[in-house]
Amino acid sequence: MAYIGKVPANAPLTSSDIADGIISTADLANTAVTGAKVNADVISSQTALATAPADTDEFLVSDAGVIKRIDYSLIKGGGMFEKLVTTTISSATSNITFDNTYLTTAHRDYRVVFTGMKPATDNKRFNMVISNDNGSSFLSSSNHAYRMKEIGVTNSGFGQNNSANNNKFELTVDPNGNSTGEAMSGHIDIFDPLTQNSDNQYFMWQANLTYMDYEGDHLNVFGMGMFDGAGAGIGANVTFNAIKFSYSSGNILIGSATLYGRKI
């Protein structure tokens, strides 16, 4: 029906003129929604994922300017160490211990990186002991076997510290000093302590450390060791779920130890 009388003036369309739900996605052009139309909190306003993503969780990526989805399993990596925790010593402490809060089946192998470690008293060796009851007690039978070799800036020969039946692992050859500049740094790798994918009865490790000894000689020590669970009478496939580092006596004065875990 045609208008009778004067045609009303044009008026802009407002949101109140459109019923909710009347416009569908089919009514929007593919290029109509741009970055400028997306609120800045489109991600931060969502519920946080408080754990690591599952392999089938999906992410959006720009593939040469084209938006695509990708599963987390394709980008998470594998075989790399990831940081779990750092313990920093700023006042005298008896030991640094990592237990099953961090030694879990989420990781296969572990690395501990030491930086600036010093004993509270001079002339002390750095030791490691292990536990199969989450640190309630630490194994002290004579089934700790190891060999640490030593090279020095002023010594062309090789020193060593080794034992086939000690009650602990001694990680240094000449004892550590605690004077200025005598701090120790380095790392130790621990292989499958929870026996997830091995038939071994051993707690196995290798280490590489550098430090000034109590006489001021600059040293590098490296070596390996193992604990024989079956020989100690505690079983052939033991779960070792706590490790403790300390000096042969006295406290740790300063230093830090960072634990990393490696996934397969």
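This is a predicted model: local features need pLDDT of at least 70, side-chain atom pairs count only at pLDDT 80 or more; totals for chains, interfaces and linings use all residues.

Modeller: Happy to! Residues are numbered from 1 along each chain as its sequence is written, and side-chain values use heavy atoms, with hydrogens and water left out.

Two words need explaining. A strand is a DSSP run of E with at least two residues, while a helix is a run of H or I with at least four, and both are numbered from the N terminus. Two strands pair if DSSP finds at least two bridges between them.

Now back to our starting place. Six antiparallel bridges connect β5 with β10, which covers residues 184-191. β5 itself spans residues 109-119, and nine bridges link it to β14 (residues 252-262), again antiparallel. In that pairing, Arg111 sits opposite Tyr260 of β14.

Next, follow the chain from β10 towards β11. Gln201 lies in the loop between β10 and β11 (202-212). Gln201 counts as partly exposed because its relative accessibility is 22%; buried means under 20% relative accessible area, exposed means over 50%, and partly exposed is in between, using a 1.4 Å probe and protein chains only. Although Gln201 and Ala230 are 29 residues apart along the chain, their C-alpha atoms are separated by 6.0 Å.

One example is Tyr202, which stands opposite Asp228 in β12. β11 and β12 make a hairpin with five residues between them, and in the turn Gly216 has a positive phi of about 85°.

β12 (residues 218-228) also runs antiparallel to β7, with nine bridges between the two. There you can find Ala145 opposite Met226 of β12, and Met148 with Gly223 of β12 as its bridge partner. β7 has another partner to look at: six bridges join it to β8 (residues 159-166), also antiparallel. In that pairing, Tyr146 faces Ser163 of β8.

There is also an open sheet of four strands, with the order β4-β13-β6-β9 and antiparallel pairing. Its edge strands are β4 (96-98) and β9 (169-170), each of which pairs on one side only. Three bridges connect β4 with β13 (residues 242-247), and these two run antiparallel. Phe98 is placed opposite Ile243 in β13.

Two loops deserve a visit as well. Ala64 sits in the loop between β1 (58-63) and β2 (66-71). Its phi is near 55°, a positive value in a residue other than glycine. Ala64 counts as exposed because its relative accessibility is 79%. Asn134 belongs to the loop between β6 (126-131) and β7 (144-152). Asn134 is not a glycine either, yet it has a positive phi of about 60°. With a relative accessible area of 28%, Asn134 is partly exposed.

Finally, let's step back to the whole chain. The protein has 14 strands and zero helices. The C-alpha atoms fill a box of roughly 110 × 45 × 35 Å along the principal axes. The radius of gyration is 30 Å, whereas a compact globule of 264 residues would be near 18 Å; this radius is taken over C-alpha atoms, and the globule rule is 2.2 Å times the number of residues to the power 0.38. Of the 264 residues, 30% count as buried. Among contacts between residues at least 6 apart in sequence, 73% join residues at least 24 apart, where contact means heavy atoms within 4.5 Å.
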